[in-house]
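Could you take a look at this one when you get a minute? I've jotted down a few points on local geometry.

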Amino acid sequence: MDEKVNLKIDNLSVSVDTGTTILEAARKINIRIPTLCHHEDLCVAGNCRVCVVEESGMGRLQPACAIPVSEGMEIHTNSMKVRNARKQIIELLISEHRAECTTCYKNGKCELQALSNEYIVGESGFLPLVPLKGYTIDEFSPSIIKDDSKCIRCQRCVRTCDQLQSVGALTVAHKGGEMKISTFFDKPIYEVVCTNCGQCVNRCPTGALTEKTYINEVWNAIDNPEKFVVVQTAPAVRIALGEALDMEPGEIVTGKMVAALRRMGFNAVLDTDWSADLTIIEEGNELLQRLKRVLKDKEPGVKIPMTTSCSPGWIKFIEHTFPDFLEHLSTAKSPQQMFGALAKTFYAGKIGVEPSNMVSVSVMPCTAKKFEANRPEMRASGYQDVDFVVTTRELAMMIKQAGIDFRSLPDDDYDTIMGESTGASVIFGATGGVMEAALRTVYEVVTGREIPFDGLNIMPVRGMENVREASLKIENPLPEWDFLDGVEVKTCVAHGLSNAKKVMEQVKNGEADYHFIEIMACPGGCLGGGGQPLPTSPEIRKKRAEAIYREDAGKKIRKSHENPEIIQVYEEFLVEPLGHKSHELLHTTYTPRNRY
Amino acid sequence: MKKGLKRLDLIFKNEHDCDVILKKSLNRSNEELVEDLISSGLKGRGGAGFPTGLKWKLTAEAPGDEKYVICNADEGEPGTFKDREILSSVPHKVLTGMAICGRIVGAQRGFIYLRGEYKFLIPELQKAINDFHELTDKMKLPFRVEIFTGAGAYICGEESALFESMEGHRGEPRNKPPYPTDAGYRNRPTVINNVETLAHTYSILKYGPEKFRDLGVKDSRGSKVFSVSGDTPIPGIYELEFGMTLQKFVDDFGDGDAKAVQVGGAAGFCVPRKKFDKTVIGYQGKLTGISLPTGGSMMIFNSSRSMYNVLHNYLDFFVEESCGQCTPCRVGTQQLLLGIEAVKRGDKSSQYLEKLLELAETMRVTAKCGLGQSVANSFSSIVENFREEMIY
Amino acid sequence: MPHTGEYIKKLAERHGRRLESLLPILENVYEDHHIIPEDAMVEIARELDVSAAKVYGTATFYSFLETSKGGKYVIRVCKTITCMMHGKNQIIKELEELLKINLGETTPDGLFTLKETNCLGQCHRGPAMLINDTPYTELTPSKVRDIINEYRLIAQKSAS
């Protein structure tokens, strides 16, 4: 397949591999062809027809995204015929779209708006179709809002839900003028198998799929003098927030973000990274206990492999898709929820605030976290542990609303306690990060020695490959763990729910001999979460991952169990990992849900 | 009946010599058979007019461990009903064509995709298939035909949508390439032919390519089955030679007051009276006054008919039957319909028709499949020729 | 639909459990019940191991696979051009009066549903309609009355 194809695009010669599309060939020589239904993460659809180009000798225009190049082809991307057609197609899309841009959540970030900005200037278009359709907006989900009146039927969301995530909550229903993006029987998203992962939101070119926003609720809490408002920030927010504030992908803005939050008026700016370290302690110990019960005590009914439980999209996915396998999940709550439970107990006591007067806000790269915070089991403190979840995108909006010049902010530090973190918790934001953090701690607990990887960097679990396996042989463990001597601990890392499904099918069929599996619902892990800045692409996610590992490498402490504030919370409050208090506050249960 | 166009009797001729035709054909090489088809000049009778011999040749040459022969009986084009008649009166001819095709391309399975509206044909058709299987079993020809029924979707007559439908999906046309000859049903090389096309192969195999070739005109060889409806005293199914002028056709079939003929169904062209004598029915050319392609639908409208109503009916049909996946077709059809309504009501000036004509042209060059592309045919030909009827 | 699970399981055994069986299964359900209800779609999804949304998306594409309950006899009158030219509207009017329902409705006794449909391929014998799978052509109001009476008689007989 290393044969080259030669063609001309707009009279420029280009030579590309066989199988390259016209669109890819044009991009190679920096000719921009507009697209809407095309997305780098998804299969080709060729639906929107915005990318049509003219091929010499052909009467009909060709969709550049779907047509492979051929030898001697002559393509024109900017002929009169192309411009007229493209303009009319954009006009058609606008006619079926509720173009109320000024009040739209996606104003300024809408791809249709951007195209109309280029092509439609001061002309009256076609007749508006939206008033004829009787649309309703689905706002029942705590995570995602679906507004069909803004949908342009590009089917990116359906391809995301079906192929990228193997969830199948969204489909195309009906045909012709009635055709629409729908759930099963057009039920509210809240009632179907949606995992709230928000990957559809990340790929929707318009405002048809957005996260449910809690910006106003958060401002109201901040403005209420009665309330003590604490905020926690997830690991993956700090390496992506800058993108939504005119900075380049891969810039680390931890210090500026903390400064901004403080200026916005939060009473305490704390870190989910701290509770990520706590998660490692609880989950790592749970893993060791399970291994002991299986390998040493030969207890029947104890399930391995154990899988991670910090990704709420993954949790809802397994509840729907593999309801008989919930015992494989670690019972440890996610860092967000561990934080929430401790904020209104331990932290409230420490600073002398009534938990009923505390409002707990989290900033997450994730839309599923909004659902997670609303789960009935997440009230360990006696109150809703996390009151409001805002996404990275929402935080960026709030920073703009507050009039803060983000780029010029001086770096600031998190408050204490529950603000200190380690490199291990930072990497929670990338696929493989939880695994790496856990291994750093678990290995040391078992052997008393540091994990034998150069600079603590466990490279085999890093990267963007769909499913990655790594094993680690335990030698000369401490006496308590002698049953692990010579055991090859097998691990697996998967990101994106279609990959999660593949791994779980193996588990289901008894083909997986892993001990520990890390699963993140989103491609790339949390750094590619459904609440992250737009756009998303493999390239952008790679840059975010690099930033995460840079942040890790720059941290003084790289292992969760060495976090002094973690040691402190056990000394002062929790007593011991998996202890009584931990069970009460830091562990949870799961609910089998309908498969269909 | 008036003297006029030559009526032919190839397709519906009552002949039951499948065994002879099969035996005779199976004794010849695939190359010879394909050569006969190619030299006969037979082109697809569904409307698109792709040379049948070439289609079989390409499929035979395409690599693939499994291949299929599909008979497209999703006859949904308004004004077309000849495939129904062929399937009910001479199904054995169609089956013979499929079996020979199977031998040539290397397919052992054939399917008849029958539109849901024709379910009532199934008992008789299945019986014909069973009889045919007895015959092929006797001849040790490993070829089996199954019926697959549609469920009310015009677009499934588009070949790639038909494959999607058979595979359990929504009937949404695929991007092309790849073409069915390389990747059709189940992404394997597939011959998909219209019912009538397959029936013609029977005649060609029986009487030889010359006899077929002698009929018709250059580039439009053979006979064609026409579905005649509308304002005619003698609606029905007629086998005629290609190459007639529309004037001759109207002289024979019209009621003496024909003001327009819609050639090729809702997806076809509307020809006004003044162009009858310049319009020839055949494959080559577009609406150039030279010749018009058709799947055989001929709808005659007399002067009592409102061409606005005719166009409105077509557009209403397209709005419902578009699969909805591509922008030009999904939204374009709705805009054309709303647009002519607005002009007729006087909500939009007649100038808006120009914008709609432009839109139709955009649909023709940008829509994903034949449905969206051909909406422009009827739209433009009706609006341009009967503009005064469109205006408030 | 009682015992939906078992019913669909049987259909899956008859038609196969590949995605390719989806349309035949859906058609079978519709033929049997004149509706494809929600619980049947869920069971089909389970049998074919696809999402329920996928089943719904496919079903709603096809005009004849309806998700709301139709009568024992579903009447589909062709509304396409030549049938319209030859008096389709009169036929609809006659049917509406006969059945005392509007287009799109089902008679209270659950016997008839009245619908329009696109081209039935009977253009030379319009106006035409289907009652379930059977075509009726060259309709006139009086012919329609006879046909409906015939169906009513059949229904009465099968009831007693």
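Here are my notes, starting with the ground rules.

1. This is a predicted model: local features need pLDDT of at least 70, side-chain atom pairs count only at pLDDT 80 or more, and totals for chains, interfaces and linings use all residues. Residues are numbered from 1 along each chain as its sequence is written, while chains are lettered from A and ligands numbered from 1 in the order in which they are written.

2. Have a look at helix 11 (residues 307-321) and helix 12 (residues 327-345) of chain B, whose axes sit 8 Å apart at an angle of about 150°. Helices here are DSSP runs (H or I, at least four residues), strands likewise (E, at least two), numbered from the N terminus. Axes are lines fitted to C-alpha atoms, for helices over the stretch in contact, and angles run from 0 to 180 degrees between N-to-C directions. The helix 11 and helix 12 pair of chain B is therefore roughly antiparallel (over 145 degrees).

3. Then there are the cis peptide bonds. One joins Pro177(B) and Pro178(B), with omega about 0°; Pro178(B) is in the loop between helix 7 (159-166) and strand 4 (190-194) of chain B. Another joins Gly126(C) and Pro127(C), with omega about -5°.

4. Asn476(A) has a positive phi near 50° without being a glycine. Asn476(A) sits in the loop between strand 16 (467-473) and strand 17 (488-495) of chain A, and counts as exposed because it has 11 C-beta neighbours inside 10 Å (exposed is 12 or fewer other C-beta atoms within 10 Å, placed from the backbone).

5. Lys100(C), also not a glycine, has a positive phi of about 55°. Lys100(C) is exposed, with 10 other C-beta atoms within 10 Å.

Key: Parallel < 35°, antiparallel > 145°, perpendicular 65-115°, else oblique. Buried ≥ 20, exposed ≤ 12 C-beta atoms within 10 Å, placed from the backbone.
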